[in-house]
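These are my notebook entries on a two-chain model, kept in the order in which I looked things up.

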Amino acid sequence: MTTRTMQFRIYRYDPDKDERPRMQDISVEVDEQDRKLLDALTKLKAKDETIAYRRSCREGVCGSDAMNINGKNGLACLTDLEGLEQPVLLKPLPGLPVIRDLIVDMTQFFKQYHSIKPYLINNDPPPERERLQSPEEREELNGLYECILCACCSTACPSFWWNPDKFVGPAGLLAAYRFLADTRDQATGERLDNLEDPYRLFRCHSIMNCVDVCPKGLNPTLAIGKIKEMMVKRYV
Amino acid sequence: MINRIVVGAHYGLKDWIIQRVSAVVMAAYSLFMVIVLLVLCPTTFDAWRNVFSFGLVKFATFLFALSLFYHAWIGIRDLWMDYVKSVSIRLTLHALTVLALVGYAGWMAAILWRL
């Protein structure tokens with residue numbers, strides 16, 4: 001089995017011990033079975049067990065291992081080792097407080113997500129089996145429900161960097177449109193009211209960083225555009 | 001006062017629409033003026049004055065300037081909102097921006113109709 005050495009530069013910071021963050025140069029032997037960045041990180045962790053990062057499903061479903069890879073947010077488990085420029089620069093997601101090394105505090109991110117009420121609101125008594133949708137109505141939810149809340153998009157958004165406490169962010173707004181677009185939801189008016197705010201929605205200036213980094217290939221800018229379209233429709 | 005996050009001003013859509021409409025007005029005016037200047041080719045002060053003596057040019061220029069000022073208001077306001085965290089300083093800057101732009105609008109109208 002052929003092996004090769006890969007160089008890494010990893011952001012290291014332990015707020016309890018370190019005065020300030022530092023970059024650690026470290027290398028690791030990878031073989032052809034190591035396909036994704038997470039494989040290399042697993043080996044790095046075996047070499048230096050003090051390196052901290054989150055991971056769980058290792059197949060792009062849980063969204064735990066989001067990090068800044070060579071300057072671009074992405075999931076370690078979905079990023080091919082092949083073609084990565086070396087030394088591979090690994091940093092925590094930008095704009096969120098660092099707990100340790102590549103682990104960030106996602107509280108603010110989830111606070112914004114919860115603020116849009118990410119659940120179906122329907123006050124009718126539940127039918128015996130299920131609330132039905134036509135295939136066309138269901139089609140509209142494609143590209144919205146697949147979000148895994150990894151925070152790659154929101155932490156790539158300058159509007160979220162400047163106002164993480166007030167701007168909902170691309171992930172939250174994508175989820176907001178997921179429920180605005182759902183024909184089974186009855187809270188359209190309240191949802192639009194909740195978003196009609198110069199900070200909560202209108203901080204988005206459509207620079208599309210979110211679309212550029214989304215590891216699931218989703219398009220929050222398009223969803224945000226559709227929310228604005230719904231508001232215009234309601235207004236004129 | 002306890003420092004709580006307060007959002008929900010319930011405005012923004014109107015500004016967002018106006019920003020888009022004013023952008024279209026400015027783009028259309030730019031195109032219109034290129035055509036007017038290509039047709040009339042003013043080279044002297046009197047020729048330039050002549051261009052602005054047409055009612056249609058005055059009308060279009062006035063709309064362009066109003067669009068520019070409103071567009072600038074939204075853009076500058078967004079800058080203050082992003083970068084100035086102190087509410088009192090932000091409010092002061094908002095007021096100063098509005099006052100300056102309203103002043104410019106009056107000044108522009110005076111120049112336009114004096115020509």
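Which residues in helix 3 of chain B meet which residues in helix 4 of chain B? I take helices (H or I, at least four residues) and strands (E, at least two) as DSSP runs, numbered from the N terminus, and I call two residues in contact if their C-beta atoms, placed from the backbone, lie within 7 Å. From helix 3 of chain B I listed B:Lys58, B:Thr61, B:Phe62, B:Ala65, B:Leu66, B:Phe69, B:Ala72, B:Trp73, B:Ile76, B:Arg77 and B:Trp80, which meet B:Arg90, B:Leu93, B:His94, B:Thr97, B:Val98, B:Leu101, B:Tyr104, B:Ala105, B:Met108, B:Ala109 and B:Leu112 in helix 4 of chain B.

I noted the conventions before going on. This is a predicted model, in which local features need pLDDT of at least 70 and side-chain atom pairs count only at pLDDT 80 or more, while totals for chains, interfaces and linings use all residues. Residues are numbered from 1 along each chain as its sequence is written, and chains are lettered from A and ligands numbered from 1 in the order in which they are written.

**Helix pair in chain B.** The residues of this helix 3 to helix 4 contact in chain B divide into 16 nonpolar, 3 polar and 3 charged, where Ala, Val, Leu, Ile, Met, Phe, Trp, Tyr, Cys and Pro count as nonpolar, Asp, Glu, Lys and Arg as charged, and the others, Gly among them, as polar. I then looked up the geometry: helix 3 and helix 4 (residues 87-114) of chain B pack at an angle of about 170°, with their axes 10 Å apart. That makes helix 3 of chain B roughly antiparallel to helix 4 of chain B, a label for angles over 145 degrees; the axes are lines fitted to C-alpha atoms over the stretch in contact, and angles run from 0 to 180 degrees between N-to-C directions.

Helix 4 of chain B has 28 residues and reaches 40 Å from its first C-alpha to its last, close to the 40 Å expected at 1.5 Å a residue, the expected span being 1.5 Å times one less than the number of residues. The number of buried residues among these 28 in helix 4 of chain B is 0, so this helix lies largely in the open; buried means 20 or more other C-beta atoms within 10 Å, exposed 12 or fewer, and partly exposed in between, with C-beta atoms placed from the backbone.

**Helix 1 of chain B.** I found B:Ala27 in helix 1 of chain B, where it counts as exposed with 12 C-beta neighbours inside 10 Å. The C-alpha atoms of B:Ala27 and B:Phe64 are separated by 9.0 Å, although the two residues are 37 apart along the chain.

**Between the chains.** The contact takes 13 residues from chain B and 16 residues from chain A. On the chain B side, helix 1 (13-40) and helix 3 (55-83) are the elements that give two or more residues, and the residues there divide into 9 nonpolar, 3 polar and 1 charged.

**Chain A.** I recorded 8 helices and 7 strands in chain A, and buried residues make up 39% of its 236 residues. For the backbone, I noted that the peptide bond from A:Gln86 to A:Pro87 is cis, with omega near -5°, and that A:Pro87 is found in the loop between strand 4 (72-75) and strand 5 (88-91) of chain A.

Key:
Parallel < 35°, antiparallel > 145°, perpendicular 65-115°, else oblique.
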